[in-house]
Structure formats: structure tokens, C-alpha cells
Amino acid sequence: MTGLRIAVVPGDGIGVEVIREACAVLDAVAKASGREIGLTPFDWSADTYLETGVSMPKDGLKMLAGSFDAILLGAMGDPRVPDNRHAVDILLGMRFGLDLYVNHRPVKLLDARLCPLKGAEPKDVDFVVFRENTEGLYVMMGGNFKKGTPDEVATDIDLNTRKGVERIIRHAFEFARATGRKKLVMSDKSNVLIHAHDLWQRTFKEVKAEFPEITASHMYVDNLSLQLVRDPKQFDVIVTSNMFGDIVTDIAAGLQGGLGMAASGNIHPGKISLFEPVHGSSPPIAGKNIANPIGAISTAALMLDHLGWTEEAARIDAAVADGVRASETTADVGGSLGTREAAAAILRRLA
Ligand code: NAD
Ligand code: IPM
Ligand code: MN
């Protein structure tokens with residue numbers, strides 16, 4: 001089998017619009033290189049959930065793992081589902097159920113005009129955040145006591161395991177070694193979370209000893225948030241916990257021009273993995289041909305690169321960067337085009 005089999009889950013809101021364009025880009029790049037990419041759509045979304053009561057079919061994860069090379073997802077979230085049930089079942093369902101412990105979020109400024117920082121150049125914003133993706137505050141353990149009364153108690157447990165912490169830290173170091181990146185920052189809040197983040201500290205010290213060629217340091221997450229906007233060029237590789245990683249990658253997206261520019265992969269090395277833009281479903285701008293498709297298109301490139309289609313991935317990245325430099329973009333990054341037209345500008349460069 002020389003082709004790729006991709007499961008496509010557009011999801012909700014702008015997810016549908018940006019994934020349509022990412023799929024067009026995948027078709028175009030496959031055609032140009034004479035290779036095959038099979039795209040199989042799945043309608044797992046708020047619409048389907050509200051209509052049928054089913055968020056993801058029972059055998060969904062098994063089917064994905066058995067029949068596809070990767071999953072491309074748009075976004076999950078809809079105001080008609082206030083408890084976010086379908087998103088929890090589908091998105092977190094895949095992250096946890098497929099044990100996608102690496103959330104890989106590259107941060108790269110494509111053009112100086114996109115960065116809100118004075119004087120920042122593309123060379124100053126070029127790093128990768130590794131976010132732990134299967135535990136921490138996302139495990140949904142906890143509960144309510146005396147719910148709805150003045151005496152209510154509510155808890156969410158921050159669960160950290162030695163195995164979970166070690167494998168994400170090790171992955172970040174291995175990535176740095178493999179890609180020639182020289183600096184790694186581990187970020188936590190061990191000055192307050194004296195149990196869970198002490199585990200991060202101890203594990204970090206052990207793992208870093210195996211990578212003497214990499215300059216490894218530590219930063220509390222509050223300081224990391226400041227340093228990211230004060231002087232992003234000091235960063236090369238960052239590794240952090242699930243919730244902190246969620247927050248700092250939105251800050252990092254801001255450095256690239258906004259959420260519309262940011263790509264991500266949810267990865268279990270050697271197993272089926274899930275790729276999605278960092279942004280959500282953005283209900284207020286959905287269905288208006290406004291959403292920036294670049295986050296989703298760069299996500300498709302990240303997916304191809306992960307699957308070994310490095311030339312095709314590089315071609316997409318180059319077409320995106322070229323379109324950005326020519327300002328053939330949506331309004332969120334200073335252009336005047338719609339979603340379809342901004343994607344068409346990239347497709348033209350791929351033809
Ligand atoms: P959001 O990412 O949808 O939007 C945040 C801001 O960024 C908004 O101003 C939005 O207009 C802007 N934005 C985001 N993507 C953009 C794009 N491609 N082009 C132009 N502007 C863009 O986050 P939110 O508003 O906090 O959440 C909306 C819904 O999405 C919620 O239900 C949330 O739970 C969900 N969500 C899902 C994912 C996911 O599926 N991975 C990620 C984040 C949020
Ligand atoms: C993200 C999103 C998700 C997260 C939400 C939708 C559960 O914000 O992928 O960054 O918090 O991980
Ligand atoms: Mn997020």
C-alpha cells in the first residue's frame with residue numbers, strides 16, 4: 001500500500017470550513033506527486049449528536065486504529081451542547097482511548113507582520129511545545145458534594161503518573177536530539193504543586209542526564225507565560241503538563257498571528273495519531289467564509305510529515321508561507337480574503 005488512508009472528522013463550526021480546504025490541499029499535493037491519499041469523512045459532530053444521541057459509535061476507536069494511517073479533525077464545540085458532551089466523547093475520547101500522549105504544537109512565525117511583538121522576526125519565533133496529553137487535570141476525576149447548595153464542594157483531580165510524565169519529557173528530549181534543537185525548557189508549578197510537580201522535577205532531572213548535549217532548564221509556568229511574550233527567541237523546545245500546555249499554546253499561537261495559524265498533532269509514536277488545528281469551532285464566525293484555513297492546512301502538512309511524506313509536507317509549508325508573504329490571507333492576519341479564497345491562493349501555488 002503506497003497511498004495513505006486518512007479518517008476525516010470536520011466536527012463543528014469553522015472546523016467544517018477549514019477541513020474542507022485542508023482536504024483540497026491534500027488532494028492537490030497527492031495529485032502533484034502522483035501518489036494517493038484516501039480521505040474518508042466521518043460526521044461525528046454536535047449535529048449528529050443532537051440528532052441521534054450518539055457522539056461516537058461504540059466501535060469508533062477500534063475502527064480508526066484498524067483501518068487508517070491517521071485522523072484529521074477540525075474542531076469540536078457547539079453552544080447547543082452546553083456540557084460539551086460530544087467533544088469530550090470524541091476529542092478527549094480519541095486522545096485518551098488511543099493513548100495519544102504527545103501533543104506536538106509547533107510555533108513558527110511566517111512573516112514579521114503577523115507578530116504582535118515589536119520588531120519580532122520569523123527567526124525569533126521558532127519553537128515547539130510538547131504538551132502532556134493523557135493525564136493531569138484532564139482525567140475528569142473528581143466530583144461534587146452538596147451540589148447546588150451553599151455548601152457545595154467541587155473537585156477536579158490533577159493526576160500525574162511516573163510513566164506519563166517520563167514519556168512526554170523523554171519524547172521532548174528525543175525530538176530535540178533528532179532535530180538538532182539545543183535548548184529545552186520544562187515548565188511546571190512545583191513551587192506550589194509540591195506533590196505532582198515534584199514528580200515532574202524528579203523525572204526531569206533523571207531524563208535530562210541522558211541528553212548531555214541539550215541545555216535543559218526549568219521555568220515556572222507563570223514566568224514562562226511572561227517570557228514567551230517578552231523574548232520568544234530564547235525558546236527551542238518546551239515540555240509541560242496538559243493544562244499548562246493548553247494555555248501556553250494559545251499564547252504561542254498569538255505570537256504566530258493568532259489561533260488561525262496554529263497546527264497540532266496528538267501522537268502516539270508508531271501508532272495511529274490525530275492531527276487538528278489548535279483553534280476551536282469559533283461559533284460566532286462559523287459559516288461565514290471568514291475563518292483562517294492556515295492552521296488546518298499546516299496541520300495537514302504536519303500529518304504528512306509525521307507519516308513520512310516529507311517532500312509533500314514541505315511543499316505545503318512553502319505554499320502557505322508564500323501566500324502569507326503575499327498577504328493572500330484572511331482578515332485575522334491582515335488580509336482581505338475569505339476562507340475559500342485564502343485556501344485557493346495556496347492551492348494555486350501547489351499546482
Ligand atoms: P476558538 O479557538 O474557537 O476561538 C477563540 C478566538 O480565536 C475567537 O475570537 C475566534 O474567532 C478566533 N479564531 C479561532 N480560530 C480562528 C480561525 N481559524 N480564523 C480566525 N479566527 C479564529 O475558542 P473558543 O471561542 O474558546 O471556543 C469555541 C468552542 O470551541 C468551544 O466549544 C470550545 O470548547 C471549542 N474548542 C475546541 C477545540 C478543539 O476541538 N480542539 C479547541 C479549542 C476550543
Ligand atoms: C485544545 C482545546 C481542548 C483542550 C478542549 C476543546 C478540550 O482547547 O485542543 O487546545 O483543552 O485540550
Ligand atoms: Mn486549547
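A residue counts as near a molecule if one of its heavy atoms lies within 4 Å of it. The model shown in these views is predicted.

**View 1. The residues around ligand 2.**

**View 2. Polar contacts of ligand 2.** Tyrosine 138 has a side-chain N or O atom 2.6 Å from an oxygen atom of ligand 2. For arginine 131, the distance from a side-chain N or O atom to a ligand 2 oxygen is 2.7 Å. Aspartate 246 places a polar side-chain atom 2.9 Å from an oxygen atom of ligand 2. On its own, ligand 2 has 320 Å² of accessible area, and the protein covers 74% of it.

**View 3. The residues around ligand 1.** Ligand 1 is surrounded by 19 residues. The closest are Met76, Glu276, Gly280, Ser282 and Asn292. The shell comprises nine nonpolar, eight polar and two charged residues.

**View 4. Polar contacts of ligand 1.** Glutamate 276 has a side-chain N or O atom 2.9 Å from a nitrogen atom of ligand 1. Asparagine 292 contributes a polar backbone atom, 2.9 Å from a nitrogen atom of the ligand. A polar side-chain atom of histidine 279 lies 3.5 Å from a nitrogen atom of ligand 1. Ligand 1 exposes 800 Å² when taken alone, and the protein buries 63% of that area.

Note on methods: Residues are numbered from 1 along each chain as its sequence is written. Chains are lettered from A and ligands numbered from 1 in the order in which they are written. This is a predicted model: local features need pLDDT of at least 70, side-chain atom pairs count only at pLDDT 80 or more; totals for chains, interfaces and linings use all residues. Side-chain values use heavy atoms; hydrogens and water are left out. A polar contact is a pair of N or O atoms within 3.5 Å; within protein, one must be able to donate a hydrogen and the other to accept it, and residues adjacent in sequence count only if both atoms are side-chain atoms. Accessible areas come from the Shrake-Rupley method with a 1.4 Å probe; for residues, only the protein chains shown count as cover. Ala, Val, Leu, Ile, Met, Phe, Trp, Tyr, Cys and Pro count as nonpolar, Asp, Glu, Lys and Arg as charged, and the others, Gly among them, as polar.
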